[in-house]
Amino acid sequence: MNTRQIILDTETTGLYPNSGDRMVEFAGLEMINRQLTRNTLHLYIHPDRDIPDEAAAVHGITIEELEAKNAPKFEQVGRQIADFLRGAELIIHNAKFDVGFLDMEFGRMGLPTVEELGCKVTDTLGMAREMFPGQKASLDALCTRFDVDRSKRVFHGALIDCELLGEVYLAMTRGQFDLMADHGGEAGGSYAAAKIQRPAHLKVLGADETELAAHEAYLDTLDKITEGKCVWRTEAGA
């Protein structure tokens with residue numbers, strides 16, 4: 001079964017959806033079977049109010065820029081956003097923030113909430129705090145941890161943040177047993193249970209130098225993700 005996922009981010013006029021702040025940018029990147037598709041939705045949105053200087057300093061979006069782009073108000077694009085999200089798993093960093101703004105904006109139009117749209121929400125901030133307790137869990141910190149290039153991220157734009165989060169999410173969920181799952185095992189299950197029975201007559205060919213180097217590079221990546229606990233470099237994986 002191919003799960004439809006959407007890497008999602010928003011930018012806003014402030015932090016409080018129930019105190020007058022509004023959305024100014026929406027971005028969503030569709031991913032199916034862990035592969036990004038061409039189905040994306042990126043919108044600049046006129047908030048129908050001012051954008052405080054402190055908010056503009058974070059995301060670089062000003063009222064003047066939105067008016068120059070002839071950006072629509074949320075009422076003009078809200079249904080399009082809701083239809084795009086419907087039934088998908090939403091991958092969001094600090095999901096409470098973005099879902100709060102989406103639900104507020106949908107509510108103003110009488111549209112269903114994110115939950116009522118049948119969306120499952122996966123919060124990568126919570127995932128990171130569970131995976132790396134006591135360590136920084138910001139998107140910047142995770143990009144550093146997983147060697148994701150963020151050099152183009154001058155401001156906290158929704159689209160660039162989605163692109164970075166997509167790479168981070170794939171790195172965070174690239175478990176040691178992904179290949180085993182392809183053979184009917186469950187990701188994260190026991191190594192012994194997932195071993196494949198080979199026919200006695202199977203001819204075994206040794207890997208060449210190029211293949212061995214590629215394998216070692218892959219194990220280096222797993223070591224970084226698991227902080228040196230990669231099963232293939234322990235006695236259990238020998």
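A residue is called buried if its relative accessible area is under 20%, exposed if over 50%, and partly exposed in between. The exercises below apply this term to a predicted model.

**Exercise 1. The chain as a whole**

State how many helices and strands the chain has, and what share of its residues is buried.

Solution. The chain contains ten helices and five strands. Of its 238 residues, 41% are buried. A further value concerns contacts between residues at least 6 apart in sequence: 66% of these join residues at least 24 apart.

**Exercise 2. Strand β1 and its partners**

Determine which strands pair with β1 and in which sense each pair runs.

Solution. Begin with the position of β1, which spans residues 4–12. Eight of its nine residues are buried, so the strand is largely enclosed by the rest of the structure.

Next, consider β2, residues 23–32. This strand pairs with β1 in the antiparallel sense, over nine bridges. As an example, Thr 10 has Phe 26 of β2 as its bridge partner.

Then turn to β4, residues 89–92. Here β1 and β4 run parallel and are joined by three bridges. Ile 7 has its bridge partner in β4 at Ile 91.

**Exercise 3. The two sides of helix α3**

Just after the helix, Gly 87 adopts a positive phi of about 75°.

**Exercise 4. Helix α5**

Carry out the corresponding analysis for α5: which residues are buried, and which are exposed on the other side?

Solution. The buried residues are Thr 124, Leu 125 and Ala 128. Their arc around the axis is only 105°, which places them on the same side of α5. On the other side, Arg 129 and Glu 130 are exposed. The cover over the buried residues includes β4, β5, α6 and α7. At the start of the helix, a side-chain oxygen of Asp 123 comes within 3.0 Å of the backbone nitrogen of Leu 125.

**Exercise 5. The surroundings of His 46**

Decide whether His 46 is buried or exposed, and list what surrounds this residue.

Solution. First, locate the residue: His 46 belongs to the loop between β3 (35–44) and α1 (53–59). Second, compare its relative accessibility with the cut-off of 20%. The value for His 46 is 14%, and therefore the residue counts as buried.

Third, examine the side chain, which reaches the backbone nitrogen of Asp 48 at 2.9 Å. Finally, leave aside the neighbours within four places in sequence; His 46 is then in contact with Ile 63, Leu 66, Glu 67, Ala 71, Pro 72, Lys 73 and Phe 74.

**Exercise 6. Aromatic rings**

State how many aromatic pairs a search of the whole structure finds, and describe two of them.

Solution. The search finds three aromatic pairs. One of them is formed by Phe 97 and Phe 101, whose ring centres are 5.0 Å apart and whose planes meet at 50°, so the pair is tilted. Both residues lie in helix α4, four residues apart, or about one turn of the helix. Phe 97 is partly exposed, at 23% relative accessible area, whereas Phe 101 is buried, at 0%.

Phe 132 and Phe 146 form another tilted pair, with 6.1 Å from centre to centre and 55° between the planes. Phe 132 lies in the loop between α5 and α6, and Phe 146 in the loop between α6 and α7, so the pair ties together parts that are 14 residues apart in sequence. Both residues are buried.

**Exercise 7. Charges over rings**

Find which charged residues lie over the faces of Tyr 44 and Phe 132.

Solution. Lys 69 lies over the face of Tyr 44, at 4.7 Å from the ring centre. For Phe 132, the residue over the face is Arg 145, at 3.8 Å from the ring centre.

Technical notes
Residues numbered from 1 in each chain as written. Predicted model: local features only at pLDDT ≥ 70, side-chain atom pairs only at ≥ 80, totals over all residues. Heavy atoms only, no water. Buried < 20%, exposed > 50% of the residue type's maximum accessible area, 1.4 Å probe, protein only. Polar contact = N/O pair within 3.5 Å; in protein donor to acceptor, adjacent residues only side chain to side chain. Contact = heavy atoms within 4.5 Å. Pairing = 2+ DSSP bridges. Phe/Tyr/Trp six-rings, centres within 6.5 Å; stacked < 30°, edge-to-face > 60°. Lys NZ or Arg CZ within 6 Å of the ring centre and 35° of its normal. Arc of directions from axis to C-beta.
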